[in-house]
Amino acid sequence: MIDLWSIPLEASRTGLAAARALLDADERSASRRFEKRSLANAFVLRRAARRAILARYLNVLPERIAFQENRHGRPQTDGLRFSASHSGAMACLAVTRGDVVGADIERIRPVDTLLFEQRILSPDERQMLQEQPEPDRLNRLLTLWTAKEAILKAMGTGLCLEMLPRITVPPETGCWRQATAPGGAWQVRSTVDGDYVTSLAAPAPDAVTHRDATALLHGHGVG
Ligand SMILES: CC(C)(COP(=O)(O)OP(=O)(O)OC[C@H]1O[C@@H](n2cnc3c(N)ncnc32)[C@H](O)[C@@H]1OP(=O)(O)O)[C@@H](O)C(=O)NCCC(=O)NCCS
């Protein structure tokens with residue numbers, strides 16, 4: 001089972017202070033390295049949400065969770081698998097006690113479609129996309145982009161530009177579908193909700209529960 005949490009990245013001043021109090025010293029110091037205050041605040045909120053959500057599963061205080069990183073920077077903690085992503089004013093966190101999982105979210109916004117298509121897609125995917133009517137093209141492109149990033153996150157490599165066109169993903173949304181990547185097959189599942197598209201990647205199809213983190217965060221004074 002995979003829980004997919006939606007995390008709104010907005011909070012009052014007191015909510016932000018409560019969020020900061022959940023972070024460790026490294027996270028607090030990382031938040032000070034952002035030049036733009038809005039980006040620093042979003043970082044504080046998503047890291048606090050990550051702690052608050054994972055604490056629920058681990059039955060510990062959020063501030064007590066210790067994270068390690070693999071050699072590509074993938075964060076991990078004992079006892080759970082998770083994958084985080086953010087875009088615009090939203091973040092998501094996929095959590096499971098099962099096998100590895102990857103998650104990626106993108107706000108649906110105009111992008112340089114041609115450039116993205118060249119960098120991300122396989123020749124077959126490019127052909128498929130060019131046959132789509134214009135209104136569908138952007139959604140489908142972002143669906144493929146998030147699915148591919150979710151696979152790279154599940155693999156633990158993170159963004160690896162030269163890998164993207166070597167992954168092939170069927171463009172449908174709403175159900176698990178099989179993608180192929182160097183090294184093997186993955187299952188991906190994409191959903192479009194309002195202005196955002198979110199994709200999950202896992203080794204096998206799994207039940208997904210969508211959860212909203214707002215009430216949980218309010219319980220920690222964040223909001
Ligand atoms: C993972 C990565 C793609 C982030 O992508 P992004 O679209 O900018 O940001 P997202 O919000 O979607 O994801 C960020 C989250 O991914 C997670 N993450 C970071 N590195 C990761 C990795 N290697 N694998 C899986 N997840 C990773 C973190 O939880 C991070 O959250 P944070 O910003 O709060 O630290 C990016 O950090 C990356 O590619 N790092 C480099 C990895 C690398 O050097 N790989 C070399 C292989 S060729």
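Biologist: Which residues of the largest nonpolar core touch the most other members?

Modeller: In soluble globular proteins, nonpolar side chains tend to be buried together. A nonpolar core here is a set of buried Ala, Val, Leu, Ile, Met, Phe, Trp, Tyr and Cys residues joined through C-beta atoms within 7 Å. Buried means 20 or more other C-beta atoms within 10 Å of the residue's own; 12 or fewer is exposed, and in between is partly exposed, with C-beta atoms placed from the backbone. The largest core has 53 residues, and Ala49, Cys92, Leu93, Ala94, Ile151 and Leu200 touch the most other members. Helix H6 (residues 134-155) gives this core its largest share, 10 residues. At least three core residues come from each of domain 1 (1-98 + 206-223) and domain 2 (107-199).

Biologist: What should I know about the model and its numbering?

Modeller: This is a predicted model: local features need pLDDT of at least 70, side-chain atom pairs count only at pLDDT 80 or more, and totals for chains, interfaces and linings use all residues. Residues are numbered from 1 along each chain as its sequence is written.

Biologist: Which residues does Ala49 contact beyond its sequence neighbours?

Modeller: A contact means that two C-beta atoms, placed from the backbone, lie within 7 Å. Leaving out neighbours within four places in sequence, Ala49 contacts Ile7, Ala91, Leu93, Ala213 and Leu217.

Biologist: How do I read the sheet that contains S4 and S5, and in which order do its strands stand?

Modeller: Strands of a sheet pair through backbone hydrogen bonds, either parallel or antiparallel. Helices (H or I, at least four residues) and strands (E, at least two) are DSSP runs, numbered from the N terminus. Two strands pair if DSSP finds at least two bridges between them. Here the open sheet has four strands in the order S4-S5-S1-S10, with mixed pairing. Strand S4 (81-87) and strand S10 (208-212) are at the edges with a single partner strand each, so one side of each lacks a neighbour in the sheet. On average, neighbouring strands of this sheet are turned by 20° against each other, direction ignored. Axes are lines fitted to C-alpha atoms, for helices over the stretch in contact, and angles run from 0 to 180 degrees between N-to-C directions. S4 and strand S5 (residues 90-96) run antiparallel, joined by seven bridges. Phe82 stands opposite Val95 in S5.

Biologist: Which helix lies across S1, S4 and S5?

Modeller: Helix H3 (residues 37-58) does, running at about 25° to S5.

Biologist: What is the order of the sheet with antiparallel pairing?

Modeller: That open sheet of four strands reads S6-S9-S8-S7. Strand S6 (102-107) and strand S7 (177-181) are its edges; each has a single partner strand, so one side of each is left without a neighbour in the sheet. Neighbouring strands are turned by 30° on average, direction ignored. S6 pairs with strand S9 (residues 196-202) over six bridges. Glu106 stands opposite Val197 in S9.

Biologist: Is Gln187 buried, exposed or partly exposed?

Modeller: Gln187 lies in strand S8 (residues 184-193). Gln187 counts as partly exposed because 18 C-beta neighbours fall inside 10 Å. Its contacts beyond four places in sequence include Trp176, Gln178 and Ala201.

Biologist: How many residues does each domain bring to the contact?

Modeller: Domain bounds come from an automatic or database domain assignment. Domain 1 and domain 2 have centres 25 Å apart, taken over C-alpha atoms. Domain 1 brings 10 residues and domain 2 brings nine residues. S4 and S5 each supply at least two residues of domain 1's side.
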